[in-house]
Amino acid sequence: MTGERAASGCLVANDWICGEYLRSRSGELADATVQHVWITAASVLIGLAVALPLALLVRARPRFAGPVLGLTTLLYTIPSLAMFSLLLPVFGLSAALVVTGLVLYSLTILVRNILAGLQAVPDEVREAARGMGYGPLRLLCEVELPLALPALMAGLRIATVSTVALTTVGALVGKGGLGNLIDDGVQTTFKAQVLTASVLCVLLAAVADLLLLGAQRLLTPWARARSAEAGG
Amino acid sequence: MGGVPADVWTWLTTASNWSGPSGAWHRLAEHVYVSGVSLAVACAIALPVALWLGHIGRGGALAVNISNAGRAIPVFAVLALFMLTPLRSAGYLPTVIALVLFAIPPLLTNAYTGMREVDRSVVEAARGMGMSGGQVFARVELPLAYPLLMTGIRSAAVQVVATATIASMVGQGGLGRIITAGFNTYDTPQVVAGALLAALLALLVEAVLIAADRLFSPLRRTAVRRSAAS
């Protein structure tokens, strides 16, 4: 009885940390987290799907390097609040608006990293593969992309982590995942909600980063073998 | 839809939208002030630490980790947390603290990397010529680290100016207020006008810093002096 009163007391007292909040709003928190995850995942995946051809284009036709790199950098300087607002007349209040904005931001980091990875592939390797009769597509898929993978994954990790953080700004149009709860919590001065959603957001970024790091290790077993060799 | 650009133009050219405490001039001044103070404080904290760590050659993991962790922290969440503490009545302080935290990682990493990428053999040669630690730092390492140092300051500055708009989401000042105010009254031309002003300011800052970078580059100056002397 007293325990229960103390437990619900933290909601009434508006404490920063409140177990009762976690229990009573777990559904709301889960929904917001799911929205946050899928907006982030969709943005990064679409970003990757756009960045890869752009990086290949720049490499094949160096005269496109200036315009493509310049434009993606330019996009990065546009404030997120402004970006979402400028896209508003096109998409209306929708998740597509937030995803589009986040895709545009991720391009700067992804294009640069993929390009750097591809350019770091040694010419001898390329020559050797060509000599073995590899066509351009097979060369790209079986030699160049695997070798560019560490740089690509590094870019992907940066893009993902910053996209998780930036998704919160989508609260402006009501599609910000955990940002919605933060926004709502500020309006109603609900401390437990703001702190819990903020902490979840940071945890989400950390988990995403670790998962991508794990994926990178699995995809590039040779890098591990080499570092083990160097270590031993 | 076709009327939006015209309506935006009308909004931007209406004098009453620019005057008063919620007018564009005042918001612009708030924005520049908050961004400028934040960047200056962040530089004052991050640069000495990064340059010193770079000079003694330690703390690389620290610099990289702080930079990675910094990206994961949502500025909006930090601001929101501050607004629920007594800081909310401390004027621009919540925004400034959030932006300083946001600007430190890129400054720290770039300055540190710049110092570490200075060719070791050049540093050795300078020491061999009898330069003291301070002389090596001031005459060799710093000028050679300058390009990357400036890149860090530039990207931090542009990101601070861009991110300062988020302050409006928790009721703090700056150009973002024009956007959110327009949002709340379903005034699309005002939203787009505010977004344009914020984007233009960010681009202007980028352009000014690129120009300043070229103007003050130590290597450029010596190159010019050398070519003038010969």
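1. For chain A, the unreviewed UniProt entry places the feature "transmembrane region" at residues 37-57, 64-84, 90-111, 154-174 and 194-215; UniProt positions are given in the numbering used here, feature names are shortened, and annotations may be inferred rather than shown by experiment. Over residues 64-84 of chain A the chain is 86% helix and 0% strand, with 27 Å between the end C-alpha atoms, whereas residues 154-174 of chain A are 67% helix and 0% strand, with end C-alpha atoms 31 Å apart. Helices (H or I, at least four residues) and strands (E, at least two) are DSSP runs, numbered from the N terminus.

2. This is a predicted model, in which local features need pLDDT of at least 70 and side-chain atom pairs count only at pLDDT 80 or more, while totals for chains, interfaces and linings use all residues; side-chain values use heavy atoms, with hydrogens and water left out. Residues are numbered from 1 along each chain as its sequence is written, and chains are lettered from A and ligands numbered from 1 in the order in which they are written.

3. As to confidence, the model scores ipTM 0.84 and pTM 0.85. Chain A averages a pLDDT (the predictor's confidence in each residue, from 0 to 100) of 88, and 93% of its residues score at least 70; in chain A the lowest mean, 61, belongs to helix α1 (residues 2-12) and the highest, 94, to helix α3 (residues 26-60).

4. Chain B has ten helices and zero strands, and its C-alpha trace spans about 70 × 50 × 30 Å along the principal axes. The unreviewed UniProt entry places "transmembrane region" features at residues 32-54, 61-84, 90-108, 156-179 and 191-212 of chain B. Of these spans, residues 90-108 of chain B are 84% helix and 0% strand, with end C-alpha atoms 27 Å apart, while residues 156-179 of chain B are 50% helix and 0% strand, with end C-alpha atoms 23 Å apart.

5. The axes of helix α2 (residues 24-56) of chain B and α5(B) come within 7 Å and cross at roughly 35 degrees; axes are lines fitted to C-alpha atoms, for helices over the stretch in contact, and angles run from 0 to 180 degrees between N-to-C directions. By class, the contact of α2(B) with α5(B) has 22 nonpolar, four polar and one charged residues (Ala, Val, Leu, Ile, Met, Phe, Trp, Tyr, Cys and Pro count as nonpolar, Asp, Glu, Lys and Arg as charged, and the others, Gly among them, as polar).

6. The largest pocket has a volume of about 1300 Å³ and is lined by 44 residues, of which Tyr76(A), Ile109(A), Arg71(B), Ser155(B) and Gln159(B) lie nearest its centre. On a 1 Å grid over the protein atoms alone, where a 1.4 Å probe fits, a pocket is an open set of points with protein on both sides within 12 Å along at least five of seven lines, and lining residues have an atom within 4 Å of a point; a volume is the space filled by probe spheres set on the points, which are joined across faces, edges and corners. The lining of the largest pocket has 22 nonpolar, 18 polar and four charged residues.
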